[in-house]
Amino acid sequence: MTSTTLGLDLGGTKIAAAVVSRGEILSRTQLPTPRTGYEAVLGALETAARELLAEHPEVERVGLGSPGPLDIAAGRVIFAPNIPGMEQAPVARDLSARLGLPVVLENDANAAGYAEHLYGAAQALESSIYVTISTGIGGGVFVGERVIRGVHGVAGEVGHMTLLPGGPLCGCGQHGCWEALAAGRAVARDASHAYGFALTTAQVFDRARAGERLALRVVENAAYYTGLALANLLKAFEPDGFVIGGGMAQAGAFYLDKVQAAADRFTEGFPSVKLFPAALGTDAGVIGAASVAAQQLSQSTPLAPL
Ligand SMILES: [Zn+2]
């Protein structure tokens, strides 16, 4: 049996696909994500997959990373906030039927984090927690070769930890989640409120770097809540390290030093939070999806005939 698998990363704007062997990308392709509903998305996934399968007929397994929430056991997307028409979409079953290959569905943040855990920033670590901080906050918890999913796949949804009861409303319907306090959207919201006009997250960071006090306060406030969240995760799991990915992490030391300082404050008397910037960039999604398929299906051999 080959270790070469196909990874698909379904995003809000593009579908990325790659043939992956032990963390190395052998071949890749990309398509825009259709905005016209589930059938079109399924068709685009099939097109991307077939293009690569033609070059690599040895591939026997497919991993699909998708935004969620998902019903992992049923291989179904419950809904995808940024992709129209994905409500209750049985995408793993349907894609498997079209390709004649087993398809494993995984949460996109879990997939990216798994790639970082096995082949990226955390490859030397036994246990790691991945946190991606972009518009929202996602994550994953990894021990050895395992992804910790929880009974309903909620494990790793670290962005929805409540850090400020009664705080700002989150997209999940709760108030005061980490994501609602410290992700890119929250930074833009807080700065726009403070300045009295609309600012993007990137503009807020530019102004903070230039030393503008209002912008700096907004960035420091976001870093404070992120440090608090990481300190809480440290006490719950004490992983060897935390891999930080996503757009906000690209602000580099200017931002991560502030996060570290806040985390240190909340871990006084405890082991410290060790931060590792994500290493695989946008490839993490496809590498992770492929790796989840390789790992999961190798545990359930022999493969069930389709
Ligand atoms: Zn939330």
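Me: Why does the arrangement of the four donor atoms around the zinc ion count as tetrahedral?

Reply: The donor atoms subtend angles of 103 to 125 degrees at the zinc ion, which makes the arrangement tetrahedral; four donors get that label if all angles lie between 85 and 135 degrees. This is a predicted model, in which local features need pLDDT of at least 70 and side-chain atom pairs pLDDT 80 or more, while totals for chains, interfaces and linings use all residues. Residues are numbered from 1 along each chain as its sequence is written, and side-chain values use heavy atoms, with hydrogens and water left out.

Me: Which residues coordinate the zinc ion?

Reply: H160 (ND1), C170 (SG), C172 (SG) and C177 (SG) coordinate the zinc ion at 2.1 to 2.3 Å, where donors are N, O and S atoms within 2.8 Å of the metal (3.2 Å for Na, K and Ca). Along the chain these donors follow the spacing H-x9-C-x1-C-x4-C.

Me: Switching to the domains, where are their bounds?

Reply: The assignment, which is automatic or from a database, gives domain 1 (4-107) and domain 2 (121-277), and their C-alpha centres lie 28 Å apart.

Me: And how much area do domain 1 and domain 2 bury between them?

Reply: They bury about 270 Å², 31% of it on carbon and sulfur atoms, counted as accessible area (1.4 Å probe) lost on being put together and summed over both parts. On the domain 1 side, I72, E106 and N107 lose the most, together 84% of what that side buries.

Me: Which side chains meet in a salt bridge?

Reply: Those of R149 and E106 do, at 2.4 Å, N to O, where the rule asks for a side-chain nitrogen of Lys or Arg within 4 Å of a carboxyl oxygen of Asp or Glu. Across the interface of domain 1 and domain 2, that rule finds one salt bridge.

Key: Buried area = accessible area lost by both parts, 1.4 Å probe. Tetrahedral: all angles 85-135°; square planar, octahedral: opposite > 155°, others 65-115°.
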